[in-house]
Amino acid sequence: MSIEGRPFGTGMEDAGSRSLAALAEPYRIKVAEQIRLLSRPEREEVLAAAHYSGIHIDAADVFIDLMTDSGTGAMSSEQWAALMRGDESYFGSRSYQRFETVSREITGYPHIVPTHQGRAAEKIITELLVRPGDVVLSNTHFDTTRGHILHRQGVPVDCIGDWLWDFGDEREFKGNFDLKKLELALARHHSRVPFILITVLNNMACSSPVSMQNIREVKSLADRYGVKVMFDACRLAENAYFIQQGEPEFSGVSIQDIVLEMFSYGDGCWMSAKKDAIVNIGGFCAFRDESLAMRAKELLVLYEGYPTYGGLAGRDLEAMAVGLREGLDQEYLAHRIRQAAYLGRLITEADVSVSRPVGGSGVFVDVRSIYPHLSAEQLPTVAFAADMFLEGGVRVGGALFPMKTVDIGSGNIVDRSFEFSRLAIPRRTYTQGHLEYVADIVARVKSKASENMGYRVTYMPETMGHFFVRFAPVAG
Ligand code: F0G
């Protein structure tokens, strides 16, 4: 991606230059939240007590928390001020009206249904649209989306290209659908496809963007087979920023206009506002079709609350209304994407392979490049997360993510998994100093990695196992 002539860009080279003002945070800190680094013996004790899983570590014991970018961002002074305007009326709250106006303007969809977070929206949409045996086709489903489709006895299929498995494949829009896969799946299963789901950005595919070109092509295939298109919109602004920077047609086009064009190719969307709307809680669904929205509202009353609050307080709706707009701000986005690129570059310099180009909300690390001596059974992702905490009190996520995809040769739906560690960057929360510290810890982990003999699972319940799993180190 070229950054010629622009004050900000996403190029890795450029992000590495520490002299650029562009790396200076475009905000200043008004409220400080203390964090502290435990001593090495304390960290060892905490990690063992947490069964070697970051999920079980108390937040107070973490120095820098890169487990997720969801709900962990810093609200702005404008958002905090808006909280005070919260109208907590059960029916017809003014806060709802303000939120509805903004979300309509941003998405272009007329019918808005608020929910307390993304998965609540997924529950409603899958209950409305997915029947047993249905096949939902996405570039990549997020964890909870997949869970909801499976819960409805549907089959979530990820049409991401096989390039995903190559961390070194530097194509610009790595989050795209492989149109060949999509076409094969539509040709075989179209009568059972309730909708195609475009996830922007494509979180589970290394937080990589989807191009407008790809979205248009997906829409034309969907039209050919008479299938609806929905968007998982939680990182809508980050995706639009990559389109602006990477597709010449959109150079100089505003983020808002790009978002509107993206969604013009869909029938609706849902959004976890905990990401690009920079709130700690919130979400919504949006529909073009009124009758679908009416049915969603009926379910909403059962699961979340009346449609003018949807499982949220009026003040939360106010914070979302402000955050939705702030999330589209050009300079905020330029800085955010540059932060991820910068961390990715520093980690690459430590001779650790990351998915490139680095995506929007964090850096995805190829753990095999750190622990080449560990087999998959020795859980290198767990080893990396444990080492990051032991060496520097840094909490990172990771998964051996199961998915169904399309085999290009046979056209069959096949099982595959994708293994990664994710250093997710919370919004407006950490500074350049924090990122440099994290990269130094990665380098230290890498230099000692051969001492790590891997981990084994000691406990794994059947339902939502990865949230409750426990590990132990393999004896050396
Ligand atoms: N869709 C995507 C693409 C997501 O990344 C998430 C959450 C959801 C839906 C669900 O939204 O958490 O508000 O219910 N992702 C978080 C993460 C948890 O860490 O990436 P939610």
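Predicted model: local features only at pLDDT ≥ 70, side-chain atom pairs only at ≥ 80, totals over all residues.
User: Into which domains is the protein chain divided?

Analyst: The division is into domain 1, residues 20–66 + 330–473, and domain 2, residues 77–326. Their centres, taken over C-alpha atoms, are separated by 25 Å. In contact with each other are 41 residues of domain 1 and 46 residues of domain 2.

User: What does the UniProt annotation cover?

Analyst: An unreviewed UniProt entry carries the annotation "domain: Aromatic amino acid beta-eliminating lyase/threonine aldolase" for residues 65–440. Over residues 65–440 the model has 42% helix and 17% strand, with 15 Å between the end C-alpha atoms.

User: Which residues have the most contacts inside the largest nonpolar core?

Analyst: They are Leu137 and Ile196, in a core of 66 residues. Helix α9 (residues 236–246) gives the most to this core, namely six residues.

User: Why is this core said to lie between domain 1 and domain 2?

Analyst: Both domains give residues to the core, so it lies between them.

User: What does leucine 137 touch?

Analyst: Leaving out residues up to four places away in sequence, leucine 137 touches Val157, Cys159, Phe177, Leu182, Ala185, Leu186, Val193, Phe195, Ile196 and Leu197. There is also a second, separate core of 48 residues, which includes Val358, Val396, Ile425 and Leu435.

User: Which residues of α7 are buried?

Analyst: Lys181, Leu182, Ala185, Leu186 and His189 are buried in α7.

User: What puts these residues on the same side of α7?

Analyst: Around the axis they cover an arc of only 130°, so they are on the same side of α7. The buried residues of α7 pack against β3 (135–138), β5 (195–199), α8 (212–225), β10 (394–406) and β11.

User: Why is the pair of arginine 94 and aspartate 87 called a salt bridge?

Analyst: The rule asks for a side-chain nitrogen of Lys or Arg within 4 Å of a carboxyl oxygen of Asp or Glu. Between arginine 94 and aspartate 87 the N to O distance is 3.1 Å, so the pair is a salt bridge. By this rule the count comes to 30 salt bridges.

User: Is arginine 94 buried or exposed, and how do you know?

Analyst: Exposed means over 50% relative accessible area, and buried means under 20%. Arginine 94 is at 53%, so it counts as exposed.

User: Where are arginine 416 and aspartate 162, which meet in a salt bridge?

Analyst: Arginine 416 is in strand β11 (residues 413–424), and aspartate 162 is in the loop between β4 (155–158) and α7 (179–189). This pair links distant parts of the chain, 254 residues apart. Its N to O distance is 3.4 Å. Arginine 416 has a relative accessible area of 33% and is therefore partly exposed. With 38%, aspartate 162 is partly exposed.

User: What makes the salt bridge of arginine 444 and glutamate 391 a tie between parts of the chain?

Analyst: The closest N and O atoms of arginine 444 and glutamate 391 are 3.7 Å apart. Arginine 444 lies in helix α15 (residues 432–448) and glutamate 391 in helix α14 (residues 380–392), so the pair ties together parts 53 residues apart in sequence. Glutamate 391 is buried at 9% relative accessible area, whereas arginine 444, at 42%, is partly exposed.

User: Which residues are linked in a network of salt bridges?

Analyst: The network links Asp69, Arg235, Glu238, Asp276, Arg336 and Arg427.

User: Which peptide bond is cis?

Analyst: The bond joining arginine 356 and proline 357 is cis, with omega at about -5°. Proline 357 is in the loop between α13 (330–349) and β9 (362–365).

User: Where is aspartate 351?

Analyst: Aspartate 351 is likewise in the loop between α13 and β9. Its phi is near 70°, a positive value in a residue other than glycine. At 56% relative accessibility, over the 50% cut-off, aspartate 351 counts as exposed.

User: Why does tyrosine 52 count as partly exposed?

Analyst: Buried would need under 20% relative accessible area and exposed over 50%. Tyrosine 52 is at 21%, so it counts as partly exposed. Tyrosine 52 lies in the loop between α2 (40–49) and β1 (64–66), and its phi is positive, near 60°.

Definitions and conventions:
Residues numbered from 1 in each chain as written. Heavy atoms only, no water. Core = buried A, V, L, I, M, F, W, Y, C linked by side-chain atoms within 4.5 Å. Buried < 20%, exposed > 50% of the residue type's maximum accessible area, 1.4 Å probe, protein only. Helix = DSSP H or I, 4+ residues; strand = E, 2+ residues; numbered from the N terminus. Domains from an automatic or database assignment. Contact = heavy atoms within 4.5 Å. UniProt positions renumbered as here; feature names shortened; annotations may be inferred. Arc of directions from axis to C-beta.
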